[in-house]
Amino acid sequence: MNSAQLLLIIKRLAEGMLTTTEIFALTLVLSLPLGFVFCFMRMSKNKALSTVMKVYISIMRGTPLMLQLMVVFFAPSLLFGLTLSWQGWRFTAVIVGFVFNYAAYFAEIFRAGMESISPGQYEAANILGFSKGQTFFKIILPQVIKRVLPPVTNETITLVKDTSLAFVLSVMEMFTEAKQIVATTSSIAPFIVAAVFYFVFNAIVAAVMGKIEKKLSYYN
Amino acid sequence: MSKVLSMKNIRKSFADNEVLKDISLEVEKGEVVAIIGPSGSGKSTFLRCATRLETIDSGEIYYGDECMARTDEKSGVIYADKAQMKRINKKFSLVFQNFNLFPHMSVMKNITSSPISVFGVPKAQAEKTAMSLLERMGLEDKAKAYPCELSGGQQQRVSIARALALNPEILFFDEPTSALDPELTGEILKVIRGLAKDKMTMVIVTHEMSFARDVADKIIFMDDGYVVEQGDAKELINNPKSDRLKAFLSRFEN
Ligand SMILES: Nc1ncnc2c1ncn2[C@@H]1O[C@H](COP(=O)(O)OP(=O)(O)O)[C@@H](O)[C@H]1O
Ligand SMILES: [Mg+2]
């Protein structure tokens with residue numbers, strides 16, 4: 001293989017990288033807040049709600065994400081007879097599948113974080129007159145964020161790698177591109193280049209998360 | 001004399017465990033009341049009912065002439081509404097056994113966050129008040145520190161400053177020295193003595209008998225959810241009448 005070919009591979013994979021980054025960013029931005037919503041539902045005093053959430057979370061965690069993506073993609077047509085010829089449906093299905101899967105994981109991480117806060121923090125806030133909302137946003141949330149950062153970092157790194165699962169819906173992210181180039185050129189180089197891309201992506205993620213952790217290390 | 005706090009016929013159960021069995025307490029302005037008694041007798045629960053961390057099953061609680069809770073024949077216990085509660089909330093504060101400072105906030109923010117964000121005190125004014133409280137606690141150089149950088153005794157002094165920030169009419173303490181190493185209890189007791197001298201109205205749950213005798217005007221001895229004996233602090237410690245109080249006090253002699 002000459003350098004021109006290699007450059008071509010890198011160029012195509014870099015294009016795929018754009019889609020990969022989109023999946024990554026959208027999933028993170030949507031699943032983190034949704035994870036908090038799920039966490040509250042899971043911790044709700046309403047027994048029915050918390051049970052529904054518990055079952056939902058265990059299904060999300062107990063079945064393959066790849067299968068979940070397929071279900072999301074095919075459900076409208078197979079369950080409701082809708083034909084989704086819309087161009088963007090593949091990508092949307094990937095985002096929906098990722099967001100609802102990752103929100104379930106994040107919900108469990110947040111729940112552990114919330115439960116690790118001592119009841120005394122709520123009591124002190126109560127005595128000082130803080131409302132429920134103020135107590136959550138000013139007192140509880142900042143402490144929860146610090147505590148959940150390490151497991152959230154792990155999940156985020158997993159997410160970078162999981163974006164490659166979008167290939168099952170033929171969304172042209174980096175891994176899908178790499179597979180196609182390998183199929184046409186019968187060279188292993190695209191896989192190696194893809195591996196480098198993922199590795200660098202995760203190095204950046206780890207560095208950013210490390211920075212945030214360091215910023216929050218002013219107390220323990 | 002004006003009553004700062006009046007609690008009447010308080011009852012409180014957890015499931016079928018009745019923890020407070022018809023307890024009453026009146027505290028006058030400037031008075032210091034100590035509550036003593038064996039562990040599990042309901043002292044903390046009583047303070048938690050007074051400060052609305054627990055709801056009562058029956059009885060009434062008044063701060064001055066503001067009603068926080070009363071019991072109605074038909075509808076049971078009725079608590080003050082939100083607006084009333086906010087007013088009442090300013091009248092009291094509670095110092096916890098284990099401080100419960102906010103670890104992510106500096107000492108200054110721990111003290112000023114409620115005045116500023118709950119009660120709308122201007123930041124500059126809240127910080128000025130906080131600084132003078134820190135001076136009073138001998139911690140004027142710790143305003144920027146975080147709770148984890150302080151000793152237990154210093155943390156408890158910060159939490160007392162935090163409790164004083166809104167200038168409450170009455171201050172509750174639940175075993176303020178019990179989480180501290182013995183050599184650190186003295187600094188907290190000294191602070192509370194200072195507050196008593198300044199005529200701060202206080203209700204203090206404590207196991208420090210000689211401290212209770214010296215500082216309190218009145219002592220209440222609780223056992224098994226009842227007030228077994230109460231009266232003048234020195235009199236009660238020096239001449240206990242009930243057998244249960246005698247037995248309890250004998251455990252502290254050595
Ligand atoms: N939240 C609670 N739920 C159930 N039981 C409680 C609770 N809080 C206190 N109790 C019970 O109430 C009794 C009195 O406790 P407490 O008020 O803490 O006593 P003290 O402070 O005098 O040691 C104990 O038997 C305790 O187990
Ligand atoms: Mg107690």
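The model is a predicted one, so local features need pLDDT of at least 70, side-chain atom pairs count only at pLDDT 80 or more, and totals for chains, interfaces and linings use all residues. Residues are numbered from 1 along each chain as its sequence is written, chains are lettered from A and ligands numbered from 1 in the order in which they are written, and side-chain values use heavy atoms, with hydrogens and water left out.

Chain A comes out with 8 helices and 0 strands, where helices (H or I, at least four residues) and strands (E, at least two) are DSSP runs, numbered from the N terminus. Its order of elements is simply α-α-α-α-α-α-α-α. Taken along the principal axes, the box filled by the C-alpha atoms of chain A is roughly 70 × 50 × 25 Å.

Two packed helices are described by the angle between their axes and the distance between the axes. Here, axes are lines fitted to C-alpha atoms, for helices over the stretch in contact, and angles run from 0 to 180 degrees between N-to-C directions. Helix α1 (residues 3-42) and helix α2 (residues 47-62) of chain A have axes 7 Å apart, at an angle of about 125 degrees. α1(A) and α2(A) are therefore oblique to each other; angles under 35 degrees count as roughly parallel, over 145 as roughly antiparallel, 65 to 115 as roughly perpendicular and the rest as oblique. On the α1(A) side the contact (heavy atoms within 4.5 Å) involves Phe38(A), Met41(A) and Arg42(A), which meet residues of α2(A) including Leu49(A), Met53(A) and Tyr56(A). Sorted by class, that contact has 6 nonpolar, 1 polar and 2 charged residues. For these classes, Ala, Val, Leu, Ile, Met, Phe, Trp, Tyr, Cys and Pro count as nonpolar, Asp, Glu, Lys and Arg as charged, and the others, Gly among them, as polar.

α1(A) also packs with α6(A): their axes come within 12 Å and cross at roughly 135 degrees. That pair is therefore oblique too, and the crossing is right-handed. A crossing is left-handed if the near helix is turned anticlockwise from the far one by less than a right angle, and right-handed if clockwise. Among the residues in contact are Phe24(A), Leu28(A), Phe36(A) and Phe40(A) of α1(A), along with Phe136(A), Leu141(A), Val152(A) and Leu159(A) of α6(A). The tally for α1(A) with α6(A) is 11 nonpolar, 2 polar and no charged residues.

Over in chain B, helix α3 (residues 107-117) and helix α4 (residues 123-136) cross at roughly 130 degrees, with axes that come within 9 Å. α3(B) and α4(B) are therefore oblique to each other, and the crossing is right-handed. Val107(B), Met108(B) and Ile111(B) are among the α3(B) residues in this contact, and Ala126(B), Met131(B) and Leu134(B) are among those of α4(B). By class there are 9 nonpolar, 1 polar and 2 charged residues.

On a 1 Å grid over the protein atoms alone, a cavity is a set of points where a 1.4 Å probe fits but cannot get out, and a pocket is an open set with protein on both sides within 12 Å along at least five of seven lines; lining residues have an atom within 4 Å of a point. Grid points are joined across faces, edges and corners, and a volume is the space filled by probe spheres set on the points. The largest pocket holds about 1,200 Å³. Of its 31 lining residues, the closest to the centre are Asn126(A), Phe130(A), Ser131(A), Lys132(A) and Thr135(A). α5 and α6 (132-162) of chain A and α2 (82-89) of chain B each give at least two lining residues, and the lining divides into 15 nonpolar, 8 polar and 8 charged.

The whole structure has 2 cavities of 30 Å³ or more. The largest cavity, at about 60 Å³, is lined by residues including Ile127(A), Leu128(A), Phe92(B), Phe119(B) and Leu166(B). Its lining has 7 nonpolar, 2 polar and 2 charged residues. The second largest cavity has about 50 Å³, and Ala124(A), Ile127(A), Leu94(B) and Phe99(B) are among its lining residues.
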